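Hello,

Here is the structure I promised to pass on. Please open it first, then read my notes below.

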Amino acid sequence: MKWEKTITTEKEYKETLARLSKIFEADPDSAEGMEAELLVTLIEKYEKEHYPIALPDPIEAIKETMDRKGFKDKHLISAIGSKTTVSLVLNRKRALTIEMIRNLSPLLKLPVEVLIQPYELDGKQEKVSL
């Protein structure tokens with residue numbers, strides 16, 4: 001198959017994956033190596049359009065990051081407010097505010113795009129409080 005256009009069908013996608021698997025370990029400066037680099041770009045574009053990865057739930061992302069970093073609720077007080085407010089947010093009783101998001105993003109190294117998403121709060125869909 002010639003690579004003169006982007007991947008537009010599932011058949012082309014599978015053919016491209018098969019070709020890439022054959023030439024994946026080629027020398028990057030060889031013709032096959034350059035072809036592999038092109039195929040990776042084409043595959044990434046197709047996957048981004050056809051198999052998008054959803055962003056994680058903001059509260060789950062916070063909890064998972066806390067767990068990974070060994071943080072306890074008390075570590076979030078400086079970003080969220082009081083111990084009570086931290087508990088309310090983590091238990092979905094209170095929504096994150098913009099100020100909380102501004103503080104949490106650098107503290108936890110989580111993208112603002114993850115934290116600002118709507119999420120379920122006390123059984124209903126909530127948006128970030130302004």
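Predicted model: local features only at pLDDT ≥ 70, side-chain atom pairs only at ≥ 80, totals over all residues.

Seven helices and two strands make up the secondary structure of the chain.

Next, overall shape. The radius of gyration is 22 Å. A compact globule of 130 residues would come in near 14 Å. Along the principal axes, the C-alpha atoms take up a box of roughly 60 × 30 × 20 Å.

Then packing and surface. Buried residues account for 33% of the 130 in the chain. Take the contacts between residues at least 6 apart in sequence: 57% of them link residues at least 24 apart.

On charge, the chain carries 21 positive and 23 negative charges. Their mean positions lie 8 Å apart.

You will find Thr8 in the segment before helix H1, which spans 10–23. Is Thr8 buried, exposed or partly exposed? Its relative accessible area is 48%, so Thr8 counts as partly exposed; the exposed class starts over 50%. The Thr8 side chain makes a polar contact with the side chain of Lys5, at 3.3 Å. Ser30 is another matter: Thr8 and Ser30 are 22 residues apart in sequence, and their C-alpha atoms are 27 Å apart in space.

Best wishes

Conventions. Residues numbered from 1 in each chain as written. Heavy atoms only, no water. Helix = DSSP H or I, 4+ residues; strand = E, 2+ residues; numbered from the N terminus. Rg over C-alpha atoms; globule rule 2.2 N^0.38 Å. Buried < 20%, exposed > 50% of the residue type's maximum accessible area, 1.4 Å probe, protein only. Contact = heavy atoms within 4.5 Å. Lys, Arg positive; Asp, Glu negative; His and termini not counted. Charge placed at Lys NZ, Arg CZ, Asp CG, Glu CD. Polar contact = N/O pair within 3.5 Å; in protein donor to acceptor, adjacent residues only side chain to side chain.
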